[in-house]
Amino acid sequence: MSEQTLSNLLKEDRRFEPPADLAEHANLTAEAYERADADYEAFWAEQAGRLSWETPFERVLDWDDAPFAKWFVGGRINAAYNCVDRHVEAGHGDRVALHFVGEPVDDTRDLTYAQLKDEVSQAANALTALGVETGDRVAIYMPMIPEAVIAMLACARIGAPHTVVFGGFSSDALATRLADCKAKAIVTADGGYRRGAPSALKPAVDEARAKAASNGHDVSKVLVVQRTGQDLETWDDDVDVWWHDAVGSASTEHACEFFDAEHPLFVMYTSGTTGKPKGILHTTGGYLTGSAYTHWAVFDLKPETDVYWCTADIGWITGHSYITYGPMANGATQVLYEGTPDSPERGRWWDIIEKYGVTLFYTAPTAIRSFMKQGREIPDGRDLSSLRLLGSVGEPINPEAYVWYRHVIGADKTPVVDTWWQTETGSIMISPLPGVTHGKPGSAMIPIPGISAEVVDDEGNPVPDGSGGLLVLTKPWPSMLRTIYGDDERYVDTYWSRFRKQGYYFAGDGAKKDTDGDLWVLGRVDDVMNVSGHRLSTTEIESALVSHPKVAEAAVVGAQDEDTGQAVCAFVILTDEAGDGGKDIVEDLRNHVRKEIGPIAKPRQVMVVAELPKTRSGKIMRRLLKDVAENREVGDVTTLADSSVMDLISKGSKASS
Ligand code: WTA
């Protein structure tokens, strides 16, 4: 974001007061900020009290071995019991937990909490029968169908940490994750529906399993949901098991065991600054406390009357915290939608909101921008009057998109909560409270009660209002990551070494404080890109590019993009043998990245160059490449080993565009 756009942003003077009715009945009111400040541990103990503990905890926080935290020490708890059984025991068994909406129109199914309890119990029994034990890792590679949620909860129920891999990732990406966490089993489906057609998943699982095996890791069982009924090329009777056989025949009785508050709940892989994805480890008691509390406070959930819908995929942290765990721990009724926003036509999301009377809606700025482009006639043709609150997540929301969202989708009566958080934070950290905070388009405002954030300079000193710096969290919080799976050292280095002296968590984002002291998150300051709200590592894409036989060297940058926030732009040097690479080289390389990582990583642009700008110590100066990718005057080149390189690249890029 340029300085000029930034200063325009910081002059934003539109304000939206909370609706009086919402403010009057809000779950969380302004006094919570003071209460949390006055006694932070007591505040979090109170939030943990929303959950049902089999054994109460003795100590709220053990930070003696910082940055390795233990929350709710001595407590014993089961996440699935909290998300399902206890609602049935409290007499809410008939409440709909999931309004499932498949992509094919009319393919719908409602599941009550009582039905969910039976299915989760069956799946837990089936996993145990397949040899999965407490502590074993289970990979989940699924379309957005109820079985994905059921599989997650079944794993939680038996204490087998799950690792959900986004269904849009390639078999290579899946194989790396299977091997890294040594998954014992995989839960998948034959396929899912995508843009009106079945899209296969099982073949990628077969490939990934073979790749993991060649790297010395065998996955012993694959549990397959029959979703599309498409033909499967291969079926291995020793490994593959149909869900309807194994789960369908299992008992609906399952006595759940309770685990230590710090028992691992899941590993979620996310991109870091190196080519190797980081397995972010979350544990049971703290994570569930954070996701349940924030879902209740930020979305003002009234479980008896609200219908909530989060459009994220279960393969990302947003799907974990704000589909499976937070809402279900709170006994919410929610929509689960399998498909894309424009299938079979562009009003699909609004039809769903109208049909189910959705009241709370949570989506990403990239989606909002694409709806803006399509025009307001499409949502205007539907009755969206049930909506009372809108949420945004994944990337900064530009003020125009914020105002359009509020105005066109929310009829100017809904607050918009712009929620900043990360895979690592587990739950929302910075957000308006809908009944308390006035909305300011583009600003995520201030940390929610219980969370302490700051914008600091390179030395870790808070910057004054009106200036920018690095975003840090200054105190531990219950849903914080506990480590990077299998790599404590990388955990300490990545998040805690930059401000070791102060003991701050470094988020990797830049931010500004405006003159009111409100926060504006500006985006990553490291080599991580944010494309349509998805985190991608420049290094990971560079590795994918150099794995192509014709590529000698590659540099990737995230360039500003009107639709996707950032877009992947790659600069490559070809090998001598490759010559000019042939006429299809650009398309070949784009598709190669797609195959290696997945469609979301496919570069918008690939530029073949003769040289890359490097410092005398050999470091690629991505800043300069970004200037080229964003069609800007190239910045300061004085630290380049050869300052003529940039002239060549800029000329080349003009010639090719
Ligand atoms: C970015 C997604 C600005 C940020 C929950 C962060 C945001 C990264 C916002 C985490 C927001 C997320 N405003 N930026 N409201 N929400 N981000 O791990 O750069 O997929 O570090 O978690 O997304 O992405 P992740």
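**Figure 1. Val551 in strand β28.** Val551 is found in strand β28, where strands (E, at least two residues) and helices (H or I, at least four residues) are DSSP runs numbered from the N terminus. This is a predicted model, in which local features need pLDDT of at least 70 and side-chain atom pairs count only at pLDDT 80 or more, while totals for chains, interfaces and linings use all residues. Residues are numbered from 1 along each chain as its sequence is written, and side-chain values use heavy atoms, with hydrogens and water left out. Val551 counts as buried at 5% relative accessibility; buried means under 20% relative accessible area, exposed over 50% and partly exposed in between, with a 1.4 Å probe and protein chains only. Leaving aside residues up to four places away in sequence, Val551 touches Leu545, Val546, Val572, Ile573, Leu574, Thr575 and Leu589 (contact: heavy atoms within 4.5 Å).

**Figure 2. His548 in the loop between α18 and β28.** His548 lies in the loop between α18 (538-546) and β28 (551-561). The residue is buried, with a relative accessible area of 12%. His548 touches Leu589 and His592, again not counting residues up to four places away in sequence. In the unreviewed UniProt entry, the annotation "binding site" covers Val546, His548 and Val551; UniProt positions are given in the numbering used here, feature names are shortened, and annotations may be inferred rather than shown by experiment.

Figure 3. Of the 17 residues around the ligand, Asp418, Thr419, Thr423, Asp509 and Arg535 come nearest (near: a heavy atom within 4 Å). A nitrogen atom of the ligand lies 2.8 Å from a backbone N or O atom of Thr419. In the side chain of Thr423, an N or O atom is 2.5 Å from an oxygen atom of the ligand. For the side chain of Arg524, the distance from an N or O atom to a ligand oxygen atom is 2.8 Å. A polar contact is a pair of N or O atoms within 3.5 Å. The ligand taken alone exposes 530 Å², and the protein buries 97% of that, with areas from the Shrake-Rupley method and a 1.4 Å probe.

**Figure 4. The shell around the ligand and helix α12.** α12 (317-329), β20 (416-419) and β25 (519-524) are the elements that give two or more residues to the shell. The shell residues divide into six nonpolar, six polar and five charged. α12 is mostly covered, with 13 of its 13 residues buried. Just after α12, Gly331 takes a positive phi of about 70°.

Methods
A polar contact is a pair of N or O atoms within 3.5 Å; within protein, one must be able to donate a hydrogen and the other to accept it, and residues adjacent in sequence count only if both atoms are side-chain atoms. Ala, Val, Leu, Ile, Met, Phe, Trp, Tyr, Cys and Pro count as nonpolar, Asp, Glu, Lys and Arg as charged, and the others, Gly among them, as polar.
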